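Visitor: I am new to this structure. Please take one part and go through it closely.

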Amino acid sequence: MSLDVTPSIAPRGLADRILRRGPLEAVATAIIAAGVVMLMQPFSLTLYSWSFATTLFGTVMFTIVSKVRE
Amino acid sequence: MNELSASSRITYRAVMVRPSVAHRIRGLSDRTLAWLFITPTIVLLLAINIFPLLWTIYLSFTNYRANRANVPTIWLGADWYQSILTDPDIWAAMQVTAHFVIWTVVIETVLGFGLAYLIDKKFRGHGIWTTIILLPMMLSPAVVGNFWTFLYQPQIGLFNYVVAFFTGRAASSFQMLGDVTLSPWAIVIVDAWMWTPYVMLICLAGLRSIPDYIYEAAEVDRASKWRQFWSITLPMALPFIMLAVLFRGIENFKMFDMVNLLTGGGPGSTTEVASITLKRAAFESWRTGYSSAFAIILFVTVFGLANIYVKALNKVKSR
């Protein structure tokens, strides 16, 4: 008699673990928040100049990743 | 049937062959019926929301001016965007907006949560107090803007007299709406007065959603009231507080009516929030292309924040 110790579920790769909706949405949310902070901060005009691009990137990313599987 | 005239027979056959409207609708699939019901909404959305948005995006790349509609439009590419995103005056307007948003949200959240915490404790007459606290929220911003302008009058305004009573200063020695230092705080006070009840309502919903048995278990474990607040009340009400913060943040980011009525962006440009700058560019300078680009920048920011808001809302719903 032998005992089968092979796990029934195959181990998931790094890409499988990262490319999920939850973490990607969190990253997109952080980018949007960073863009909004850059837009309204009083310290650097350069940061202000890049704020729109950052917010737009985060928003587009959020829209795309919200369609990714859970 | 034989007694029927020829014309009656024809009518009878026509009725038999052509099913009634009700019968035909009954024969439609669920999918077709669903499309029938949502088509008017989709058409309205396209006409009122989507088309103006796409048109604004197009205008933001041109030199179009609404007061010179006959002048041929020239494609400028991203020139307006570059101009706005390197303009120190617009940057200053964004900082005024930031001051307004941050302080109103902080004050409204602290006071709103505090009031909700008090109202949540059942006491005699808590219903009437809840109604009284909610009153400012029910008023129109136009009404609020007008009567706070009277309250802030340095000669006859009640606000100055109350401040004078507590500080000992002369009531006419300061102007809330005319002073460069005080006017940004004047609009913060009015917004906090009007919208703290709204935050209170959301926080109250959060506090009422906490089951009693958790507190009972904490009592059994001899947890102090202070410990119960930090370990049970605050963590469980936090998604609701976040929801209120996001909602008020978005609303105040695009605040126009109240600021326009109270100060009109003045004195100078000390209370010129982004929406006032946008209105001036669009309807006083008539730089339609430029103001369209500015509107798109504000829209993308609000849309991004709205995404976070919806995510927070789903989190609250899933509880």
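Guide: What follows is a look at one helix of chain B, α9(B), and its surroundings. The model is predicted. Helix α9 of chain B covers residues 183–208 and packs against helix α6 of chain B, residues 126–138. Two packed helices are described by the angle between their axes and the distance between the axes. Here the angle is about 120° and the axes are 7 Å apart. Because of that angle, α6(B) counts as oblique to α9(B). The crossing in which α6(B) passes α9(B) is left-handed.

Next, the residues that meet. On the side of α6(B) they are B:Ile133, B:Leu134, B:Pro136 and B:Met137. On the side of α9(B) they are B:Trp193, B:Met194, B:Trp195, B:Pro197, B:Tyr198 and B:Met200. By class, this contact has 10 nonpolar residues, with no polar and no charged ones.

In soluble globular proteins, nonpolar side chains tend to be buried together.

Leaving out residues up to four places away in sequence, B:Ile187 touches B:Phe100, B:Met258, B:Val259, B:Leu262, B:Thr263 and B:Thr271.

Definitions and conventions
Residues numbered from 1 in each chain as written. Chains lettered and ligands numbered in written order. Predicted model: local features only at pLDDT ≥ 70, side-chain atom pairs only at ≥ 80, totals over all residues. Axes fitted to C-alpha atoms, helices over the stretch in contact; angles between N-to-C directions. Helix = DSSP H or I, 4+ residues; strand = E, 2+ residues; numbered from the N terminus. Parallel < 35°, antiparallel > 145°, perpendicular 65-115°, else oblique. Left-handed = near helix turned anticlockwise from the far one by under 90°. Contact = placed C-beta atoms within 7 Å. Nonpolar A, V, L, I, M, F, W, Y, C, P; charged D, E, K, R; others polar.
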